[in-house]
Amino acid sequence: MSSMLLDSEGPVRTITMTNGGVFNPDSLSQFSNALDAVLADEASGVLCITGQGKSFSQGLDLEYLMANPDGAMNFVGECMTTVGRLLSYPLPVVSLVNGHAFGLGAMIALASDYKVMREDRGFFCLPEIDLGATLTYRMNALVCGKLSGNVLRDVLLTGRRIAGPEAQDWGIVDRAAPLDALRDLAMDLVQPMCSKNRQALSGLKRGINSNILTVIESDEPEMTISGA
């Protein structure tokens, strides 16, 4: 059963995560293949990423990680490499956060050029502190590169669940709106970035995100950051 659906409407390509946005090797491969397919289509102009029902993405498949402890870090590194592609993706990338964005799901949103979030349901959350876990080096580079100050402190060190209006106030997402308005709002926001040269757009995005990409694309093995 497919965990990712790829739809087209004019120049807009939409990847919909259909399994709660839970990432295991199968769903990660499908997500990566969808990114490839969008780029291979010269008519593609915008990439939207969204979920179904109450979830945008619940993040890593914890059952898979617990069942495969020896390969867990390698898999997390592969996930971050794939998410890192969004940071220099040669098309505008918009996350339509229709519901819960937890862990890796929150990171997909952070890696997108624009984020719009449902205002009445769903939370943005990095739950590591409540799981008794730390971020990996690649995750940390993304989160600390995209959040800062008190927002970074409260998101990361408290595990706070942040609803759409608060996420907008904190600058985590661009706008919060009713679910049925998210797509139109996203298209309005992304319009100034549309129809740009792909190579130039990718290069400029790579420059903006160079500090994050240096870590994500390094040859160092993935590992968690140890506490004192």
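**Close-up views of the predicted model**

View 1. With a relative accessibility of 77%, Ser-195 counts as exposed (over 50%; 1.4 Å probe, protein chains only). The model is predicted: local features need pLDDT of at least 70, side-chain atom pairs count only at pLDDT 80 or more, and totals for chains, interfaces and linings use all residues. Residues are numbered from 1 along each chain as its sequence is written, and side-chain values use heavy atoms, without hydrogens or water. Ser-195 lies in the loop that links α9 (182–190) and α10 (198–208). Helices are DSSP runs of H or I, at least four residues; strands are runs of E, at least two; numbering starts at the N terminus. The phi of Ser-195 is positive, near 60 degrees, although the residue is not glycine.

View 2. Strands β1 (residues 4–9) and β2 (residues 12–17) pair in the antiparallel sense over six bridges; pairing needs at least two DSSP bridges. Ser-8 has its bridge partner, Arg-13, in β2. Two residues lie between the strands of this hairpin. Here Gly-10 adopts a positive phi near 60 degrees.

**View 3. A three-strand open sheet.** The strands run in the order β5-β8-β10, with parallel pairing. β5 (55–57) and β10 (124–125) stand at the edges. Each has a single partner strand, so one side of each lacks a neighbour in the sheet. Between β5 and β8 (residues 100–102), which run parallel, there are two bridges. Ser-55 stands opposite His-100 of β8.

**View 4. The largest pocket.** This pocket (an open set of 1 Å grid points with protein on both sides within 12 Å along at least five of seven lines) holds about 500 Å³ of space, the volume filled by probe spheres set on the points. Its lining (residues with an atom within 4 Å of a point) counts 20 residues. Closest to the pocket centre are Leu-60, Leu-62, Leu-65, Glu-128 and Leu-131. At least two lining residues come from each of β6 (59–60), α2 (62–67), α3 (72–85) and α5. Helix α3 gives the largest share of the lining, three residues.

**View 5. Leu-131 in helix α5.** Leu-131 belongs to helix α5 (residues 128–131). Leu-131 counts as exposed because its relative accessibility is 55%. Leu-131 is also among the lining residues closest to the centre of the largest pocket.

Notes
Buried < 20%, exposed > 50% of the residue type's maximum accessible area, 1.4 Å probe, protein only. 1 Å grid on protein atoms, 1.4 Å probe; cavity = no way out; pocket = protein on both sides within 12 Å on 5 of 7 lines; lining within 4 Å.
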